[in-house]
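These are my notebook entries on a structure that I looked through element by element. I set down each point as I looked it up.

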There are 2 protein chains.
Amino acid sequence: MEIKIMKNILDRNQNKANEVKNLLTLKKVLMVNIISSPGAGKTTLLERTCEAIGGKFRIGVIEGDITTDRDAQRLKKYNIPIVVINTEGGCHLDSHSISKVIDSFDLDNLDVLFVENIGNLICPSQFDLGENFKLAVVSTTEGDDKPGKYPMLFREAEAVLLNKTDLIPYTNFSFESFNSDLKKINSKVPLFEISCTSGDGLEGWYNWISDKILLSNG
Amino acid sequence: MEIKIMKNILDRNQNKANEVKNLLTLKKVLMVNIISSPGAGKTTLLERTCEAIGGKFRIGVIEGDITTDRDAQRLKKYNIPIVVINTEGGCHLDSHSISKVIDSFDLDNLDVLFVENIGNLICPSQFDLGENFKLAVVSTTEGDDKPGKYPMLFREAEAVLLNKTDLIPYTNFSFESFNSDLKKINSKVPLFEISCTSGDGLEGWYNWISDKILLSNG
């Protein structure tokens, strides 16, 4: 019975996601659904990304948070449109919550809409929000076994950002283990090794996401 | 409608949790439900705990994992009874899954049963497994804003273990921020600042959990 209920929820989510997707395609806005564990660095990645490509592209952000607007507060300084969705305990965003706020954005004057999902490596990967693709962010301090243990997100992701590479010297993180597990799950997925603190490796991410935005706007 | 479905699920979960709780009380076994984000250090904490108090108490472990038995493999060397529950994509353990495996343990010869829940700061905090209490593990590398942003677990927890204190010098983690947020949510909760890598602070945890086990066995 619970399986049928889950299917109904996912079907209704997919229908609404398709509406969002059609609208954004029409408006030529790229939508990126950013998913990670709590504290892997999604907000800091958005900070760095706004600083690097905010002059070139018009960026909007949807901040999914259980109960606060702290992440949105951190992004206010970039003077970009931001909408907060508080799930009030909910463990993921769904397409209905996105649909309700999408009209708050001036879509004719937007190139890319980043959605920072709830910090959770599991549930958000099951819900299409209408995005062009999901982006997986994972930090070295979580350990090198995450792709093997939480495969769903890594299977779905269009790219993987391995963050906090500056902390590798202080941990037992093995890049070989991590990469070998990841490639078994998603053999061709682009992997960016980055540190949002030191800035290492971010250039590759900026180029990759810029190409995606240009393609979608074209 | 979805709210009613959720209430039914939680009601059925609570009924089964009460059965588990009654059985474990009768057998004088303490059950601890360990919850954290992915990679906060639950398995390493169990390794250290087995090494420190495994000679004094008879320990059993239920390993919740989405799809592998990797954590259980890490604990095999302690020669303790371990049962793996694979949720096959599920984001939390529930009391029905515990009830199904509880008879695999020789409860007359067990002092404490640790349950390592799925790595998820949200969903597991809503499901009573029949435990005596929930234990929150959070790592410094996740950032100092986790109690404020994910309050449910920290409100429920009988104790909080702040792990990876050895990495604080390499991050912007503020203990004052963390502690102030935590105390607003759960003013009297014991907080152990530990490093499962260096061993710092673990003595306080060993003493605290030993007292709990002795009380429950008495």
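**Entry 1**

Two strands count as paired if DSSP finds at least two bridges between them. Helices (H or I, at least four residues) and strands (E, at least two) are DSSP runs, numbered from the N terminus.

I note that this is a predicted model, in which local features need pLDDT of at least 70 and side-chain atom pairs count only at pLDDT 80 or more, while totals for chains, interfaces and linings use all residues. Residues are numbered from 1 along each chain as its sequence is written, chains are lettered from A and ligands numbered from 1 in the order in which they are written, and side-chain values use heavy atoms, with hydrogens and water left out.

I then looked up the bridge partners. B:Val32 has B:Phe133 as its partner in β5(B), and B:Ile35 stands opposite B:Ala136 in that strand. On β1(B) I also found a parallel pairing with strand β4 (residues 112-116) of chain B, over five bridges. There, B:Asn33 is partnered by B:Val115. β5(B) in turn is joined by five bridges to strand β6 (residues 159-163) of chain B, and the two run parallel. In that pairing, B:Leu135 is opposite B:Ala159.

**Entry 1: burial of these strands**

Is β1(B) enclosed or open? Six of its six residues are buried, so β1(B) is largely enclosed by the rest of the structure. Buried means under 20% relative accessible area, exposed over 50%, and partly exposed in between, for a 1.4 Å probe and protein chains only. B:Leu30, B:Val32 and B:Ile34 point one way from β1(B), and B:Met31, B:Asn33 and B:Ile35 point the other way.

For β5(B), residues 133-139, I recorded seven of seven residues as buried, so this strand too is largely enclosed by the rest of the structure. Both of its faces are covered. One side carries B:Phe133, B:Leu135, B:Val137 and B:Ser139, and the other carries B:Lys134, B:Ala136 and B:Val138.

**Entry 2: the sheet of chain A**

I looked up the strand order in chain A next. The open sheet has seven strands in the order β3-β2-β4-β1-β5-β6-β7, with parallel pairing. Its edge strands are β3 (82-86) and β7 (191-193), each of which pairs on one side only. From one strand to the next, the twist averages 20°.

Four bridges join β1 (residues 30-35) of chain A to β5 (residues 133-139) of chain A. Within that pairing, A:Ile35 has A:Ala136 as its bridge partner. Helix α7 (residues 175-185) of chain A lies across β5, β6 (159-163) and β7 of chain A, and runs at about 160° to β7(A). Axes are lines fitted to C-alpha atoms, for helices over the stretch in contact, and angles run from 0 to 180 degrees between N-to-C directions.

The axes of α2(A) and helix α8 (residues 202-217) of chain A come within 11 Å and cross at roughly 70°. The two helices are therefore roughly perpendicular; angles under 35 degrees count as roughly parallel, over 145 as roughly antiparallel, 65 to 115 as roughly perpendicular and the rest as oblique. The residues in contact (heavy atoms within 4.5 Å) include A:Thr49 of α2(A) and A:Trp205 and A:Tyr206 of α8(A).

I looked at A:Thr49 by itself. Its relative accessibility is 1%, which counts as buried. Leaving out residues up to four places away in sequence, A:Thr49 touches A:Gly54, A:Ile59, A:Phe114, A:Trp205 and A:Tyr206.

For B:Cys196, the nearest cysteine sulfur is that of B:Cys50, 12 Å away. B:Cys196 is buried as well, at 2% relative accessibility.

**Entry 3: the two copies**

Last, I compared the chains. The same surface serves both copies, as 100% of the contact residues of chain A recur in chain B.

Note on methods
Disulfide = S-S within 2.5 Å.
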